[in-house]
Structure formats: C-alpha cells, structure tokens
Amino acid sequence: MNNKTGKRPTFWFQFKAKVFKLLVRNKHNTEHLTLTHNTIYVLPSKLGVSFLVVTMLNFILGINYQNNLILAMAYLMLVVMIFSLLMGYSNLKGLKIDYKNHIASYAPCSALLELQLKTEKNVNHCSLFMKIKPSQPLMK
C-alpha cells in the first residue's frame with residue numbers, strides 16, 4: 001500500500017488556484033509593479049464565503065416568513081460585505097511593489113524574497129499582512 005503523509009488539496013484550494021491562474025496570466029512578470037484597477041484581485045476568503053451563505057439564508061428566511069426585520073438584516077449584511085471588499089481594494093490601490101533580492105533555497109524549504117513596498121498616500125499608519133501558500137502542498 002502506498003501511504004502518503006501529505007494532505008490532499010481541498011476543493012476550495014483547487015478552485016482558488018484555478019481562479020487566480022485565470023486572472024493573473026503573465027500580468028506580473030516585471031520587477032516593479034504598481035497595483036491598479038487591472039492588477040488588484042479582492043476575493044472573499046472562506047470566512048467571507050460562509051458570511052455570504054449566512055446572508056443568503058437570512059434573505060430566504062425573511063422572504064419565506066415575510067419578516068421585514070430579517071430582510072433588513074440580510075441587506076445590511078450584504079452592504080457590510082461589499083463595503084469591506086471595496087475598502088480592501090482602496091487600501092491596495094496605488095501600492096508600488098519592487099523586487100529587491102531573493103535567497104536561494106531547495107525543495108523542502110520556502111523561498112525568501114525581499115520586496116520593497118511604497119505608497120504615495122498620506123497615511124499615518126500602515127498594516128500589511130502577506131501570506132503566500134505554495135500552489136502544490138509539500139509532501140513529507
């Protein structure tokens with residue numbers, strides 16, 4: 001029997017990888033990238049998709065029981081979701097990413113990249129969290 005210790009990719013991970021592959025398609029092969037309308041992709045996470053499912057269920061519940069308060073809550077939840085996606089887009093618009101250096105690595109280790117992030121916006125504070133997963137899970 002063949003025992004694999006690595007996890008198989010989930011449906012959501014495969015779907016997200018295919019969507020990003022279709023969206024990106026050799027748009028980002030330069031060393032300098034300025035995030036604009038054509039290069040920003042703001043998609044909901046697993047939590048965001050589950051939030052949308054709960055919103056749809058609230059909407060269906062409000063329609064079935066003809067309850068205006070539940071319908072108002074469903075609309076409010078949808079507005080909050082759309083507002084958060086638009087705020088995420090506006091926070092990233094105009095960000096300049098410059099590739100500086102890389103540190104060589106081999107298969108079991110993750111590659112390290114040195115990037116410089118600049119923005120021309122007048123902001124007093126910045127917060128950016130980058131988490132990049134490999135397209136294929138590593139087998140142990």
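Which residue forms a salt bridge with Lys96? Before I answer, please keep in mind that this is a predicted model, in which local features need pLDDT of at least 70 and side-chain atom pairs count only at pLDDT 80 or more, while totals for chains, interfaces and linings use all residues. Residues are numbered from 1 along each chain as its sequence is written, and side-chain values use heavy atoms, with hydrogens and water left out.

The partner of Lys96 is Glu120, and the closest N and O atoms of the two are 2.8 Å apart; a salt bridge here is a side-chain nitrogen of Lys or Arg within 4 Å of a carboxyl oxygen of Asp or Glu. Lys96 lies in strand β2 (residues 96–103) and Glu120 in the segment after β3 (112–118), so this pair ties together parts that are 24 residues apart in sequence; strands are DSSP runs (E, at least two residues), as helices are (H or I, at least four), numbered from the N terminus.

By this rule the count comes to two salt bridges, and the other one I want to show joins Asp98 and Lys118, at 3.4 Å from N to O. Asp98 sits in strand β2 and Lys118 in strand β3, 20 residues apart, which the pair links as distant parts of the chain.

Lys96 is partly exposed at 29%, and Glu120 is exposed at 65%.

Definitions and conventions: Buried < 20%, exposed > 50% of the residue type's maximum accessible area, 1.4 Å probe, protein only.
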